[in-house]
Structures are given as C-alpha cells and as structure tokens.
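Please find below my comments on the model under review. They are set out as numbered points, to be read alongside the sequence and the coordinates.

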Amino acid sequence: MSEHAIEFLQEWIGEKVHCQSSLDRIEEQAETLAKECAAKAAEAGIPLEDIQEEVGDIQELIASRLEEAAEADQDEKNSDKPAQ
C-alpha cells in the first residue's frame, strides 16, 4: 500500500470515526462511512484496492474503530459516576 494511501486512511478515520451513542447503530454507520471513505479515496486518486490490500474490508475496520470508541466512551462515563 502506498504511503499516500496509508496517510489518507489514517487521517480520514481520525476525522470521521467517532463514538456513537448506540452500539446497535454501529454496523449501519460503518456501512455509510465505508462508502464515504471509498468515494473520498477515489476523489484523492487512491484506489480502494490499495487500501483494502493493507487493511482488508474497510467497513469491518470502521465498525471495529466505532466499537472501540463507543466502549472507551462508556468506560469514561462509568468512571465519571460517583461511587455508591
């Protein structure tokens, strides 16, 4: 995978993949974001195949990152609660 493709993907995920309020919407949002990522990569002249060669299915990668963000957010919310 080209350095340009790696930089694009890292930057795009950093900007677009954020915590969701509901874990049950992750797959739906991952699908939408994967399509958006593919379109933006194409606009930047980066073939989707270059990205997938390195990371596999971008929808699965995005879903994984969304789940991680949601879990981290939940952990943060739980740590902010006063002990009972």
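How many helices and how many strands does the protein have? It has four helices and zero strands, where helices (H or I, at least four residues) and strands (E, at least two) are DSSP runs numbered from the N terminus.

1. Basis of the note. The model is predicted: local features need pLDDT of at least 70, side-chain atom pairs count only at pLDDT 80 or more, and totals for chains, interfaces and linings use all residues. Residues are numbered from 1 along each chain as its sequence is written, and side-chain values use heavy atoms, with hydrogens and water left out.

2. Overall organisation. From the N terminus on, the elements run α-α-α-α. Of the 84 residues, 26% count as buried (buried means under 20% relative accessible area, exposed over 50%, partly exposed in between; 1.4 Å probe, protein chains only). Among contacts (heavy atoms within 4.5 Å) between residues at least 6 apart in sequence, 81% join residues at least 24 apart.

3. Nonpolar core. The largest such core, a set of buried Ala, Val, Leu, Ile, Met, Phe, Trp, Tyr and Cys residues joined through side-chain atoms within 4.5 Å, has 20 residues. Those with the most contacts inside it are Phe 8, Trp 12, Val 17, Ile 51, Ile 62 and Leu 66. Helix 1 (3-16), helix 2 (26-43) and helix 4 (58-80) each give two or more residues to this core. Leaving aside residues up to four places away in sequence, Ile 62 touches Trp 12, Val 17, Ala 30, Leu 33 and Ala 34.

4. Buried residues here are Ile 26, Gln 29, Ala 30, Leu 33, Ala 34, Cys 37 and Ala 41. Seen down the axis of helix 2, its buried residues fall within an arc of 140 degrees (taken from the directions from the helix axis to the C-beta atoms), so they line one face of the helix. On the other side, Lys 35, Ala 42 and Glu 43 are exposed. Gly 45, which follows helix 2, has a positive phi, near 80 degrees.

5. Salt bridges. With a side-chain nitrogen of Lys or Arg required within 4 Å of a carboxyl oxygen of Asp or Glu, the count is four. One of them joins Glu 31 and Lys 35, whose closest N and O atoms are 3.4 Å apart; these residues are four apart in helix 2, and therefore separated by about one helical turn. Glu 31 is partly exposed at 36% relative accessibility, while Lys 35 is exposed at 56%. Another pairs Glu 43 with Lys 40, at 3.8 Å between the closest N and O atoms.
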